[in-house]
Amino acid sequence: MAGFQGSVSSTVGQASGGKWITYTIQRGDNLTNIGKRFGVSVNDLVAWNNIKNPDLIYAGDTLKIKQG
């Protein structure tokens with residue numbers, strides 16, 4: 001992942017067909033770029049993290065992201 005700036009923790013659990021990781025949001029991140037980085041949709045990020053306003057995320061917060 002060229003230009004990758006965020007931090008990702010180890011696996012936080014197993015889901016059918018993949019694992020969950022935790023990503024720490026960095027300054028300048030948005031859900032579109034995070035989704036592209038991890039190969040998931042903005043809609044998935046919103047659903048997995050119960051995000052009420054997808055245009056409002058904060059550096060330092062964490063996101064659960066399903067991989068695989």
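This report describes the fold, the nonpolar core and selected side-chain contacts of a predicted model.

## Overall fold

The chain holds two helices and four strands. Read from the N terminus, these elements follow the order β-β-β-α-α-β. The chain has 68 residues, of which 31% count as buried.

Taking contacts between residues at least 6 apart in sequence, 48% join residues at least 24 apart.

## Nonpolar core

The largest nonpolar core is made of 14 residues. Those with the most contacts inside this core are I34, F38, L45, L63 and I65. Two or more core residues come from each of β3 (18-24), α1 (31-38), α2 (42-49) and β4 (62-67).

L63 can be followed in detail. Leaving out residues up to four places away in sequence, L63 touches I21, T22, Y23, I25, L31, I34, N49 and I51.

## Helix α1

The buried residues of α1 are L31, I34, G35 and F38. Because these residues cover an arc of only 100° around the axis, they lie on the same side of α1. As a general point, an α-helix has 3.6 residues a turn, so residues three or four places apart point the same way.

At the N-terminal end, α1 is capped by N30, with a side-chain oxygen 3.1 Å from the backbone nitrogen of T32. After α1 comes G39, which has a positive phi, near 70°.

## The salt bridge

A search of the whole structure gives one salt bridge. In a salt bridge, the side chains of R37 and D29 meet at 3.5 Å, N to O.

D29 counts as buried, because its relative accessibility of 15% is under the 20% cut-off.

## N49 in helix α2

N49 is located in helix α2. Its relative accessible area is 16%, so N49 is buried. A polar atom of the N49 side chain lies 2.9 Å from the backbone oxygen of L45.

Setting aside neighbours within four places in sequence, N49 is in contact with T62, L63 and K64. L63 is also one of the residues with the most contacts inside the largest nonpolar core.

Terms used. Residues are numbered from 1 along each chain as its sequence is written. This is a predicted model: local features need pLDDT of at least 70, side-chain atom pairs count only at pLDDT 80 or more; totals for chains, interfaces and linings use all residues. Side-chain values use heavy atoms; hydrogens and water are left out. A nonpolar core is a set of buried Ala, Val, Leu, Ile, Met, Phe, Trp, Tyr and Cys residues joined through side-chain atoms within 4.5 Å. Buried means under 20% relative accessible area, exposed over 50%, partly exposed in between (1.4 Å probe, protein chains only). Contact means heavy atoms within 4.5 Å. A salt bridge is a side-chain nitrogen of Lys or Arg within 4 Å of a carboxyl oxygen of Asp or Glu. A polar contact is a pair of N or O atoms within 3.5 Å; within protein, one must be able to donate a hydrogen and the other to accept it, and residues adjacent in sequence count only if both atoms are side-chain atoms. The arc is that of the directions from the helix axis to the C-beta atoms.
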